[in-house]
Amino acid sequence: MRKPLLALSAVALSALVLAGCSTGGDAAGDASSDDATIYIGSLYEPQNLSNTQGGGQGVTEALNGNVYEGLYKLTDDGEVEPLLAESAELSEDGLTYTVTLHEGITFHSGAPLTSADVKASVEAVIAEDSQSARKSSFGPISEITTPDDQTVVFELSERSISFPYNLSYVWITGPEASAETTDGTGPYTLDEWRHGSTLTLLRWDDYWGDAAANAEVVFTYFTDATAENNALLSGEIDLVTSIQNPDSLAQFEDNADFTVSEGTSTTKELLAFNDRVAPFDDALVRKAVYSAIDREQLLTSIWGDYGTLIGSMVPPTDPWYVDLTDVNPYDPELSRELLDAAGYADGFTFTLDTPSYDPHPVVAEFLQAQLAEVGITVEINTISADEWYTKVFAERDFEATLQEHVNDRDVVWYGNPDFYWGYDNADVQQWVAEAEQAETVEQQTELLTQVNEQIAEDAASVWLYLYPQIVVADSDLSGYPVNGLNSQFFVYDIVKN
């Protein structure tokens with residue numbers, strides 16, 4: 001079982017010192033002598049180049065840990081390690097974090113990394129116009145000061161047990177960074193982004209840590225999973241970061257030219273309601289929808305023997321996981337009874353905003369057929385990832401939607417009534433707040449377990465399944481990550497043998 005991230009942060013910081021990390025990656029062999037270009041296939045093109053202005057899953061995949069780095073790093077194994085932070089001290093009352101930076105680090109623009117850059121980067125995440133999903137996590141920050149160029153002091157209004165973990169999501173950006181340009185401290189610089197086609201990273205020779213094991217990485221973007229898989233078969237690309245078309249797996253599993261790796265996933269496929277609007281403001285209706293869906297059949301029909309059923313937002317890798325798959329069982333008769341009790345004996349009609357990329361369209365059609373059996377009519381509205389972000393996430397202009405949520409430890413978002421799904425339960429909000437202020441991991445785990453159980457009982461969303469994390473690569477390739485944590489995909493250790 002993975003060591004809990006928050007436990008790591010709490011234990012390490014209670015000792016008042018975190019050992020520094022001198023590298024962003026452990027390159028295999030003599031990295032500087034390998035001039036290979038690695039071609040990576042992905043379905044997730046960035047919307048822009050910022051993690052505070054709606055860059056989406058693709059910008060994290062391509063740039064996090066590769067072009068940009070944080071004070072801390074969430075490793076592919078789910079551990080929190082210091083990165084740009086050489087050390088950190090936590091005050092006895094748990095309200096002051098003092099972070100010391102590594103010396104001699106520069107941005108790609110040539111500007112030196114200073115505490116002022118750290119302060120500005122964190123302030124960008126918590127700014128009023130920030131679109132970062134982690135914005136609310138930094139609510140406890142009351143002041144950030146920079147007593148010298150190498151020291152950053154975070155003053156908190158209340159304890160925040162997951163503060164170092166949350167800092168792993170914050171990119172420290174240089175003076176030239178924007179939504180259209182990059183300026184990071186990572187082992188790669190951005191060479192070129194051809195919108196709708198490719199994004200190319202070049203090894204940065206002046207990197208402060210170990211050099212990348214390859215000279216160049218080209219992310220090639222596809223809108224169709226079949227086309228992506230065909231590109232891998234034909235040798236156009238070397239690797240697919242996450243298989244989205246499970247029907248294609250047989251051609252790779254039985255082929256010695258490829259390696260199929262199944263890692264740990266934190267990606268949940270959600271039918272997310274807008275809990276602010278009728279009829280989904282009624283928990284009975286949400287539970288009725290839940291019980292009308294045969295999730296086991298759905299998972300099997302899409303992923304075969306892969307994937308996992310879950311009954312709440314929490315995957316088995318989170319410390320506060322409990323098996324809640326039976327809380328809202330598949331039971332069409334129960335679904336009809338709940339609809340009757342909610343005043344919808346004759347059913348109702350709603351629009352399901354569905355991202356256009358796999359596997360969402362197939363999932364939408366499955367739900368449409370299942371819900372029709374209990375008298376609920378689903379009108380499918382297929383939209384692009386760009387449209388989803390604007391319509392659903394930013395403007396909250398939807399009734400229900402499909403979306404994959406990639407982050408681990410994201411059950412806390414159900415404690416934020418302003419989040420796009422609008423779930424509003426005062427008890428859950430209190431438990432989330434108390435969990436973040438907990439003095440021990442045990443207290444935090446107990447409270448978030450209650451959150452986990454309550455949102456399942458309320459059917460705050462329908463958690464359809466936990467994705468499998470399947471990476472398929474040319475058999476000559478090694479050094480690539482296999483776990484699906486938060487969309488990140490570290491490329492600096494990849495080599496061609």
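How much accessible surface does the chain have, and what share of it belongs to carbon and sulfur atoms? The accessible surface comes to about 18,600 Å², and 44% of that belongs to carbon and sulfur atoms (areas come from the Shrake-Rupley method with a 1.4 Å probe, and for residues only the protein chains shown count as cover).

Before going further, a word on what you're looking at. This is a predicted model, where local features need pLDDT of at least 70 and side-chain atom pairs count only at pLDDT 80 or more, while totals for chains, interfaces and linings use all residues. Residues are numbered from 1 along each chain as its sequence is written, and side-chain values use heavy atoms, with hydrogens and water left out.

Let's start with the whole chain. Its secondary structure comes to 13 helices and 20 strands (DSSP runs numbered from the N terminus, with H or I over at least four residues for helices and E over at least two for strands). The C-alpha trace spans about 70 × 60 × 40 Å along its principal axes. A compact globule of 497 residues would have a radius of gyration near 23 Å, and the chain agrees, with 23 Å (taken over C-alpha atoms; the globule rule is 2.2 Å times the number of residues to the power 0.38). Of the 497 residues, 58% are buried (under 20% relative accessible area; exposed is over 50%, partly exposed is in between, all with a 1.4 Å probe and protein chains only). Among contacts with a separation of 6 or more, 72% are between residues 24 or more positions apart (a contact means heavy atoms within 4.5 Å).

Now zoom in on helix 5, residues 225-234. Here A225, E228, N229, A231 and L232 are buried. They sit on the same side of helix 5, because they cover an arc of only 155° around the axis (the arc is that of the directions from the helix axis to the C-beta atoms). What covers them includes strand 1 (37-42), helix 6 (249-253) and strand 18 (469-474). As for the ends, D224 caps the N-terminal one, with a side-chain oxygen 3.1 Å from the backbone nitrogen of T226. After the helix comes G235, whose phi is positive, near 90°.

Next stop, Y414, in the loop between strand 16 (400-405) and helix 12 (426-436). This tyrosine is buried, with a relative accessible area of 0%. Leaving aside neighbours within four places in sequence, Y414 is in contact with residues including L270, M313, W421, I455 and W463. Y414 and N452 are 38 residues apart in sequence, and their C-alpha atoms are 9.3 Å apart in space.

Finally, the charged pairs. Side chains of opposite charge can pair when their charged atoms come close. The whole structure has nine salt bridges (a side-chain nitrogen of Lys or Arg within 4 Å of a carboxyl oxygen of Asp or Glu). One of them joins E123 and K119, at 2.7 Å from N to O. The two are four residues apart in helix 3 (residues 115-126), so about one helical turn separates them. E123 is partly exposed at 34%, and K119 is partly exposed at 23%.

Another bridge joins K287 and E457, at 3.7 Å from N to O. This pair links distant parts of the chain, 170 residues apart: K287 is in helix 7 (residues 283-291) and E457 in helix 13 (residues 441-457). K287 is buried at 13%, whereas E457 is partly exposed at 43%.

Definitions and conventions: Polar contact = N/O pair within 3.5 Å; in protein donor to acceptor, adjacent residues only side chain to side chain.
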